Amino acid sequence: LQDIIPQPLLDQYLSMTDPARAQTVDTEIAKHCAYSLPGVALTLGRQNWHCLKDTYETLASDVQWKVRRTLAFSIHELAVILGDQLTAADLVPIFNGFLKDLDEVRIGVLKHLYDFLKLLHADKRREYLYQLQEFVVTDNSRNWRFRYELAEQLILILELYNPNDVYDYLRHIALTLCSDKVSEVRWISFKLVVAILQKFYANSASALGLNFINELVVRFRHCSKWVGRQAFAFICQVGVFSPC
């Protein structure tokens, strides 16, 4: 029970996830419910999250991908409302499910990946280092904007991890994106590479920085294809004009 919202009104909202209503009232009703859920959660407050938890889990497993997509785009906002403990207990499992969903759903968590990860404790956040590589693979390889968004998010995410983790995990993703078939993806990836180098040297990890530079030289500067040598030139260009 809660005394924030009139109980009949809340009960009416919670009943919107009933499959029978979707068939007889409005096929889009579950989507509307999902869209409004963060606002309802904010109004109720985290102390009344138990009123919405079951409804949220029901919507997160809805057969309509548009419903799951709506929740995926707002899960970072809900995490801010609920706080770190409830997020770890109730939202992280949902978030993990979205990561394995259709690209139409995954893009929702990808666009706000940094916003969600920064709210997690360091040990929980580190677990996602192993899964970031999965974002490189999409259902449709022509969906280059997905990979572009990944590179943009990784530039932000760099601050959440130490230099060793960046070198062991994120470096490989950056190098893969630098060889993408789409020029827009390659260009944003060059900025990612420079941001990684700046991360190393700003944190006194010059040895890692030097190793990464040598890898860039071998992989791109001495590439047998002109596109690889061009990539090296662009990386140097971005590095020259980027603030240190």
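Analyst: Glu-149 and Lys-111 form a salt bridge (a side-chain nitrogen of Lys or Arg within 4 Å of a carboxyl oxygen of Asp or Glu), with closest N and O atoms 3.2 Å apart. Glu-149 sits in helix α9 (residues 144–157) and Lys-111 in helix α6, so this pair links distant parts of the chain, 38 residues apart; helices here are DSSP runs of H or I with at least four residues, numbered from the N terminus. Glu-149 counts as buried because its relative accessibility is 11%, while Lys-111, at 34%, counts as partly exposed. Buried means under 20% relative accessible area, exposed over 50%, and partly exposed in between, using a 1.4 Å probe and protein chains only.

The model is predicted: local features need pLDDT of at least 70, side-chain atom pairs count only at pLDDT 80 or more, and totals for chains, interfaces and linings use all residues. Residues are numbered from 1 along each chain as its sequence is written, and side-chain values use heavy atoms, leaving out hydrogens and water.

Helix α9 also holds Arg-147, which pairs with Asp-180 in the loop between α10 (163–178) and α11 (183–202), so parts 33 residues apart in sequence are tied together. The closest N and O atoms of Arg-147 and Asp-180 are 2.4 Å apart, and both residues are buried.

Asp-101 forms a salt bridge with Arg-68 at 2.7 Å between the closest N and O atoms. Asp-101 lies in the loop between α5 (65–99) and α6 (103–111) and Arg-68 in helix α5, so the pair joins parts 33 residues apart in sequence. Asp-101 and Arg-68 are both buried. The search of the whole structure finds eight salt bridges, including these pairs.

Methods. Helices (H or I, at least four residues) and strands (E, at least two) are DSSP runs, numbered from the N terminus.
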